Amino acid sequence: MKEISIALGGWAARWLIHIWILKYIEEKDIKIKEISWTSMWAIIASLYAIWMSSKEIKNFAKSINFLKLADFDFKTWLLKWNKIENKLKEVLGDKRIESTKIPLKIIATNIETAETKVFTKWLIIDAVRASFSLPWIFKPKIINNQAYIDGGVMMNLPIEVLDWKNIIAVSALKINKWNIIEKKNIFWFSFTTWFWRNNFEIIKRSVILMMKVNEDKSLETKNKNIVLIRPEFWKLDIMDFNKVDEFEKIWYNTIKKYNKI
């Protein structure tokens, strides 16, 4: 039986691709020695580490209606996501990281000290919530009087925290080209088209570039046998939480053709 560690990166709804790497690993009878992850991928990794199958995780992902679970804090206009925490507690309960069947390393960023936090002990639900606290969208998670935001700010593909030598690293980033500045002339005036879309796209691209830089740094980790998988399916993006089956079809067909694992 082949033994590997896996480092899986986050990027909003594209975390769903990681269900199918687990399905592939199950079919190939590959033993996972440890898992590290960042952001929403933490949800899938936690469920797998407490011994849910990829099929069970898929069914759970399909049961989540993210729009209904979004709850705003009207003082800050950020998402509290207490509702999603309650949803996750249905399966995670009060389980702790150190009690899982597969060793876990959950990555978050301490916004006060500007340091990466690697959770190897703590309540899974708290560490998961800290790991996917994306700036500008979610409120930071407070743990032991420290404020934590998304781990992808500092380490989106956490290879360097893994102890095992043979590693599969899967990046969920969508890196494609798009013309930011688009002008449209109406009579004597020139307008930037899709003003709000452009602003959102600029913020999104800025976050992607930040994550891409730290992913590339992680890939330079020495003394590791790293297989990088970065699937290119452009039509599925950060808000496609309801397209679980579409992610499965594209991603699983991709990984089956990947002969380096």
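This is a predicted model: local features need pLDDT of at least 70, side-chain atom pairs count only at pLDDT 80 or more; totals for chains, interfaces and linings use all residues.

Me: Why is R129 called buried?
Reply: Its relative accessible area is 3%. Buried means under 20%. The 3% of R129 falls under that cut-off, so R129 counts as buried.

Me: Where is R129 found?
Reply: R129 is found in helix α6, residues 124-131.

Me: What makes α6 mostly covered?
Reply: The count does: 8 of its 8 residues are buried. They are I124, I125, D126, A127, V128, R129, A130 and S131.

Me: How do you know that R129 makes a polar contact with S133?
Reply: The two side chains come to 2.5 Å. A polar contact needs a pair of N or O atoms within 3.5 Å. The pair at 2.5 Å is within that limit, so the contact counts.

Me: How much of the chain is buried?
Reply: Of its 261 residues, 51% count as buried. The chain has 8 helices and 12 strands.

Me: What share of the contacts join residues at least 24 apart?
Reply: The share is 72%, taken among contacts between residues at least 6 apart in sequence.

Me: What makes a set of residues a nonpolar core, and which residues have the most contacts inside the largest one?
Reply: The members are buried residues of the listed nonpolar kinds, joined through side-chain atoms within 4.5 Å. The largest such core has 53 residues. I6, I35 and F119 have the most contacts inside it. Helix α2, residues 41-49, gives the most to this core, with 6 residues. Apart from it lies another core of 6 residues, among them A7, L157, I159 and L162.

Me: Which residues is F119 in contact with, leaving aside neighbours within four places in sequence?
Reply: I97, L104, K105, I106, A108, A127, A130, I143 and Y148. Of these, A127 and A130 are among the buried residues of α6.

Me: What lines the second largest pocket?
Reply: 14 residues do. I30, I32, Y48, W51 and I102 lie nearest its centre. Two elements give two or more residues to the lining: α1 (17-27) and β2 (31-38). β2 gives the most, with 3 residues. About 270 Å³ of space lies in this pocket.

Definitions and conventions:
Residues are numbered from 1 along each chain as its sequence is written. Side-chain values use heavy atoms; hydrogens and water are left out. On a 1 Å grid over the protein atoms alone, a cavity is a set of points where a 1.4 Å probe fits but cannot get out, and a pocket is an open set with protein on both sides within 12 Å along at least five of seven lines; lining residues have an atom within 4 Å of a point. Grid points are joined across faces, edges and corners, and a volume is the space filled by probe spheres set on the points. Helices (H or I, at least four residues) and strands (E, at least two) are DSSP runs, numbered from the N terminus. Buried means under 20% relative accessible area, exposed over 50%, partly exposed in between (1.4 Å probe, protein chains only). Contact means heavy atoms within 4.5 Å. A polar contact is a pair of N or O atoms within 3.5 Å; within protein, one must be able to donate a hydrogen and the other to accept it, and residues adjacent in sequence count only if both atoms are side-chain atoms.
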